[in-house]
Amino acid sequence: MEIEGKVKVLGDTQTFGNNGFRKREIVVTTDEQYPQHIMVEFVQDKCDLLNSYSVGQDVKISINLRGREWTNPQGETKYFNSIQGWRIESLQQAQPEGMPPVPPMEAFEPADNLNEEDHDDLPF
């Protein structure tokens, strides 16, 4: 599954327990009629994937839905869901430095003075 939106919150990496479990949270706001603020967790080595992203950036996150069952000391069973990210990519098109933007196809006029008998010097 995937989520697309703008980064609203980018949390710090948190470490838990003696085993050094790491978790980092990101909140993405979707761009739809009723925008949603979706919190996604990145865990362990996936935390580092967020290092090159910042608030305000448009991203696409690949996610897995996770569910857990927990029984409290009183014997009641509770269920918890989480959204876990495993890949993130920028939706902003990177423009190479010094390169002008390419105009849309509509900006080019069709060639109407073609002559089939003109010599073609292409090697193929």
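A residue counts as buried under 20% relative accessible area, as exposed over 50%, and as partly exposed in between. In this predicted model, Glu25 has a relative accessible area of 28% and is therefore partly exposed, whereas Lys23, with a relative accessible area of 16%, is buried. The two residues form a salt bridge whose closest N and O atoms are 3.3 Å apart, and Glu41 joins Lys23 and Glu25 in a network of salt bridges.

## Overall architecture

The protein chain contains 6 strands and 0 helices, and buried residues make up 23% of its 124 residues.

In one of them, the side chains of Lys60 and Glu2 meet at 4.0 Å, N to O; Lys60 lies in strand S5 and Glu2 in strand S1 (residues 2-10), so the pair ties together parts that are 58 residues apart in sequence. Lys60 is buried at a relative accessible area of 18%, while Glu2, at 47%, counts as partly exposed.

Asp58 and Lys6 also form a salt bridge, with their closest N and O atoms 3.2 Å apart, and this pair links Asp58 in strand S5 to Lys6 in strand S1, 52 residues apart. Asp58 is partly exposed at 26% relative accessibility, as is Lys6 at 38%.

## Leu65 in strand S5

Leu65 belongs to strand S5 (residues 58-71) and is exposed, with a relative accessible area of 53%. Beyond its neighbours within four places in sequence, Leu65 is in contact with Met1, Ser82 and Ile83; the C-alpha atoms of Leu65 and Met1 are separated by 8.5 Å, although the two residues are 64 residues apart along the chain.

Terms used: Residues are numbered from 1 along each chain as its sequence is written. This is a predicted model: local features need pLDDT of at least 70, side-chain atom pairs count only at pLDDT 80 or more; totals for chains, interfaces and linings use all residues. Side-chain values use heavy atoms; hydrogens and water are left out. Helices (H or I, at least four residues) and strands (E, at least two) are DSSP runs, numbered from the N terminus. Buried means under 20% relative accessible area, exposed over 50%, partly exposed in between (1.4 Å probe, protein chains only). Contact means heavy atoms within 4.5 Å.
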